[in-house]
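Work through the exercises below with the model open beside the text. Each task is followed by a solution in steps.

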Amino acid sequence: MGNDLADALVVGAGPTGLVLAYDLARRGAAVRIVDRSPAPPRTSRAKGPNARSLEILDDLGVADEVLAAGSDPLPMLKYRDRLPVAETDPWANSAPSPDAPYDRGRLIAQWRLEEILRDRLAGYGVRVELGREVVGLTEAADGRHADVTFAEGRTERVRYVVGCDGAHSSVRKLLGIGFEGTTAEDQVMVCGDVDLADGALDRTRWHQWFDEDGAVMLCPIPGTRTGWWFQAGPERDGRGRPLAPTADGFRRLLARHTALPGRALTRAELLSTYRVNVRMADRFRAGRVFLAGDAAHVHAVAGGLGMNTGIQDAFNLGWKLGLVLAGHAGAELLDTYEEERLPVAARTLDLTSERLRATLEAIRLPGGGLDAAITPDTTGLGVGYRWSSLARAHDEAPRPDETPRPDKAPRPGDGSPGSPQPGDRAPDAPCVDAVTGAGTRLHRVFAGPHTTVLGFGPDSAAVLREVAAAYGDAGVRTCRVYAPHEGGARSGPGTAVVDDEGHAAAAYGTEAFSDTDTGTVIVVRPDHHLGLSAPADDAGSVHAYLRRLHGAGRPRNGSPALVDAARKG
């Protein structure tokens, strides 16, 4: 048995596992990540992060690199009987807003996204351990560790394990967790990465041929000169059974449905057959082991939510596991991962199945295409956790029996009345740094491995001072949001910004504050969701909430508080 005790072992080095490992590493956790593949895969697979995942990648500090390596989503050019019949840009009427600067996703090959994340992870001294397959998994008798056995026969002890190892997850199977659902054997697609002859097709369009007897879809892969994502209905044998994908089969499909000759396809690799699977794990946690991404849920490809839901799983789990490992939060905080993400996964299965139905209906008619799968729901910006035990109004008792409702949070731009509530995604807003006068935004204030306490209104200053004194060394940042009319020295603990155009006040529903108002204090979780909203004269609720996430902090007399070391687990 290995002697080195890691805080966490992440199994699977796709986007979900890499985001989780990176988030834990930047929090100071001793994290390791393994993958059974002997080398990093080069498949393009998922077409890129959606708007919410871009916010997460921004927090992780890699969004600029992802944006530079990818491209905006492309207009869709649709054909019937080899002739163009319609062109649609699903994002033509969409634009960034103050509360949501990313209004659309980004096209980028999955291998390139993984490469960016691996490089950043290596900056923390963590490298993917390739060719390591998990074949055994047990919780230690002391209940404080897990023993992981690898195919080479070595057993290693870690504090926590997270299975991010895909739909055929070894971790899930070793735990005996059910993966109930359905497989639609008649809904089949063949996929692969191909090269087309230079100039064969316009690379500023996503080309989609939908005929009565089949379909071909070709989307250019950013960062390549001749690379394309190829998706098509499969060839079938004399009995109607789908044939396995081959390069020659792709050429025949290309010649049958498009105006291109088969020889225009010069390379085809990483070929696969996709069947619609709609499945979800019975639970996302078993003791010291968690499931995330495709290991926990798989669904229809419509809407492009597979990789994105996994990234968002990782961002939800990372901060919670980080706080527990650091000894700030009790292990019960980890129960909220399943509490929050399982209902979201169930909602995602329903959403993607509905979007697939709508797409299959649309392509029956000339001009229909994959744009039918895209709705405001697929941006991920509307996902919230109002039902969560971590979503508390200042005077509200816990609601353990409330029915989970992952669709309750208002979506940016949908006209939902009222301010964001605890559990909702925290809106962004452009502001001005109160000290330097430089432009900034709230999501920049939130960025990094910490909780943020926002103060609106003059009387919030006292609460922010108390929070900074008690929790400034425990991963809590304070930020005073000044209205343009507020005068005086704009100084104090933590960060201070001026809401010069009123966007923060509008986003958080504090427009009515004047110099005589009490004000509001808002706790923003590390994953950019509201945890608590309280009047500025209710410091007790703020401290009670922070204690749950960050321990006792430092008492008001300035002497260090005792931390129960056993809570580190």
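**Exercise 1.** Which residues are linked with R32 in a network of salt bridges?

Solution. The network joins R32, E129, R132, E152, R154 and E156. A salt bridge here is a side-chain nitrogen of Lys or Arg within 4 Å of a carboxyl oxygen of Asp or Glu. The structure holds 41 salt bridges.

Two notes apply to every exercise. The model is predicted, so local features need pLDDT of at least 70 and side-chain atom pairs count only at pLDDT 80 or more, while totals for chains, interfaces and linings use all residues. Residues are numbered from 1 along each chain as its sequence is written, and side-chain values use heavy atoms, with hydrogens and water left out.

**Exercise 2.** Describe the salt bridge of D147 with R157, then state how accessible each residue is.

Solution. Step one is the distance: the closest N and O atoms of D147 and R157 are 2.8 Å apart. Helices (H or I, at least four residues) and strands (E, at least two) are DSSP runs, numbered from the N terminus. Step three is accessibility: D147 has a relative accessible area of 11% and is buried, whereas R157, at 27%, is partly exposed. Buried means under 20% relative accessible area, exposed over 50%, and partly exposed in between (1.4 Å probe, protein chains only).

**Exercise 3.** Are D313 and R341 buried or exposed, and where do they lie?

Solution. Start with the contact: D313 and R341 form a salt bridge with an N to O distance of 2.7 Å. This pair links helix α7 (residues 306–325), which holds D313, to helix α8 (residues 335–362), which holds R341, and the two residues are 28 residues apart. Both D313 and R341 are buried.

**Exercise 4.** Why does the pair of D428 and R441 tie together parts that are 13 residues apart in sequence?

Solution. First, the side chains of D428 and R441 meet in a salt bridge of 2.9 Å, N to O. Next, D428 lies in the loop between β17 (392–393) and β18 (430–433), and R441 lies in strand β19 (residues 439–441), so the pair ties together parts 13 residues apart in sequence. Finally, D428 is buried at 2% relative accessibility, and R441 is partly exposed at 22%.

**Exercise 5.** How many aromatic pairs does a search of the whole structure find?

Solution. The search finds eight. Rings of Phe, Tyr and Trp (its six-membered ring) pair if their centres lie within 6.5 Å; planes under 30 degrees apart count as stacked, over 60 as edge-to-face and the rest as tilted. One of the pairs is Y22 and Y124, with ring centres 5.7 Å apart and planes at 55 degrees, so it is tilted. Y22 lies in helix α1 (residues 15–26) and Y124 in the loop between α4 (110–122) and β5 (129–130). Y22 is buried, with a relative accessible area of 5%, while Y124 is partly exposed at 43%.

**Exercise 6.** Which residues form one aromatic cluster with Y160?

Solution. Y160 clusters with F284, F290 and Y337. Y160 and F290 are both buried.
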